[in-house]
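Open the model in your viewer and keep the selection tool at hand. We will go stop by stop.

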Amino acid sequence: MSSSTHYPTASLKPRREESLQSGHLWIFSGALQQPPYWIEPGGLVNVKSATGQFVARGYYNPRTDIAIRILTRDIDEAIDIDFFRRRMRSAVAQMHTAGMERLRPFLIEALMEETRARGLLLRNDSQSRRREGLEVEEPVVAAGGVPTRVTVRENDVLFLVDPWQGQKTGFFLDQRDKRAALRKYAHAKRVLNCFSYTGGFSIYAALTSDKTRVTSVDISASAIEDAREHFVLNSIDPNQHQFLIADVFDFLEQARQGGEQFDVVVLDPPAFAKTQSARTQALKAYRRLNALGMQVLRPGGILLTCSCSGVIGMDDLLGAVAQGAQRLQRTVQLLESYTHSVDHPINIAMPETAYLKAVFCRVN
Ligand code: SAH
């Protein structure tokens, strides 16, 4: 073993190495026999079984429930710039954890080399950093230059992405396959896109036919402004469509009272539950939202409903749809189900990594 692979040890309780051996990448604090108290948050550790065998290497944070996140199971693999160079070829990371923060210099250099990007912007402004004991930062250029507007092509659709100000990293790439699938239901239809953000689903729908009419609803004025701009960018006349800055729940309530009916309704809300304790409240919100969505959907219409809450499973989402349908005396046929698009691969040893669930249903 080379000197670069000497790291402090964290010992597991008996048999707690089994999930790691099958590919899971987290160790919860309860699985540790003895927390490695001499390590700074985010420091690298070798994980050993109760019998003293090397199991994996990762970084430790005493502040979070996930005490150790695994980086490698190879005893000879040091966590240095070459580690990131190898990993960059298959994936790109974000810094949400203290461990990744400490590895920042390696990550930046390897990213720039492997992707040959002209610039790298660190969007370390996610609130989830606080749980790790990290500061929520302003966006900062780590290398090269980064413009405030970048044009990207998704399938054959153009979008302007603002890497500095846009939500998350500026664009929700994980919906790419559902956006493409929506096209087959949207031709010459009245489409309602709830939580539209910058109009991802709206544009795909509007491009299917001059006769399609799309209503985009989002609470963020700047997102709605960008959605309108995206219509123009894709040569669609925005004046043929509706753009509304509103709370979706209020909008749907009013639309129902006004007797409005759509042929297609898209519901892609933000995560209602980020933690296990918020689950019950979140389930209620998903039930209410789906029932409201169905009430403005004509019989035989198409509902695309999504959940990006990690703690809400596919069964929960389907349950929310089924309960809403039962209350409204509608019947639902499940047509297609999805997770996230291929650039967010799911580790099958970690069901937690399947955060996005999306289903297309026909509601009779
Ligand atoms: N469907 C989008 C992504 C949606 S992200 C896409 O394909 O790109 C969630 C969006 O919901 C955000 O734009 C946020 O501004 C909006 N939002 C959050 N709460 C809302 C509410 N109560 N009513 C309306 N919009 C809301």
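Predicted model: local features only at pLDDT ≥ 70, side-chain atom pairs only at ≥ 80, totals over all residues.

By class, the shell holds 8 nonpolar, 3 polar and 4 charged residues. In total, 15 residues surround the ligand. Select the closest: Arg 179, Asp 218, Ile 219, Val 248 and Asp 268.

Now look at single contacts. Pick Asp 218. An N or O atom in the side chain of Asp 218 sits 2.7 Å from an oxygen atom of the ligand. Move to Asp 268. Here an N or O atom of the side chain is 2.6 Å from a nitrogen atom of the ligand. Val 248 takes part through its backbone: a polar backbone atom of Val 248 lies 2.9 Å from a ligand nitrogen. How much of the ligand's accessible area does the protein cover? The protein covers 89% of the 580 Å² that the ligand has on its own.

Next, select helix H2, residues 81-88. Color Ile 81, Phe 83, Phe 84 and Met 88: these residues of H2 are buried. On which side of H2 do they lie? They lie on the same side, because they cover an arc of only 155 degrees around the axis. Now show what covers the buried residues of H2. The cover includes strand S6 (66-72), helix H3 (98-102) and helix H4 (104-115).

Stay with H2 and go to its N-terminal end. Asp 80 caps that end. A side-chain oxygen of Asp 80 lies 3.2 Å from the backbone nitrogen of Asp 82.

Jump to Arg 123. You will find Arg 123 in the loop between strand S7 (119-122) and strand S8 (140-144). Is Arg 123 buried or exposed? Arg 123 is buried, because its relative accessible area is 12%, under the 20% cut-off. Follow the side chain of Arg 123. It reaches the backbone oxygen of Pro 163 at 2.7 Å. A polar atom of the Arg 123 side chain is also 3.2 Å from the backbone oxygen of Trp 164.

Finish with two backbone angles. Select Arg 116, in the loop between H4 and S7. Arg 116 is not a glycine, yet its phi is positive, near 50 degrees. Arg 116 is exposed, with a relative accessible area of 72%.

Then select Asn 155, in the loop between strand S9 (150-154) and strand S10 (157-161). Asn 155 also has a positive phi, about 50 degrees, although it is not a glycine. Asn 155 is partly exposed, at 39% relative accessible area.

Definitions and conventions. Residues numbered from 1 in each chain as written. Heavy atoms only, no water. Near = heavy atom within 4 Å. Polar contact = N/O pair within 3.5 Å; in protein donor to acceptor, adjacent residues only side chain to side chain. Areas by Shrake-Rupley, 256 points an atom, 1.4 Å probe, with all protein chains shown as cover. Nonpolar A, V, L, I, M, F, W, Y, C, P; charged D, E, K, R; others polar. Buried < 20%, exposed > 50% of the residue type's maximum accessible area, 1.4 Å probe, protein only. Helix = DSSP H or I, 4+ residues; strand = E, 2+ residues; numbered from the N terminus. Arc of directions from axis to C-beta. Contact = heavy atoms within 4.5 Å.
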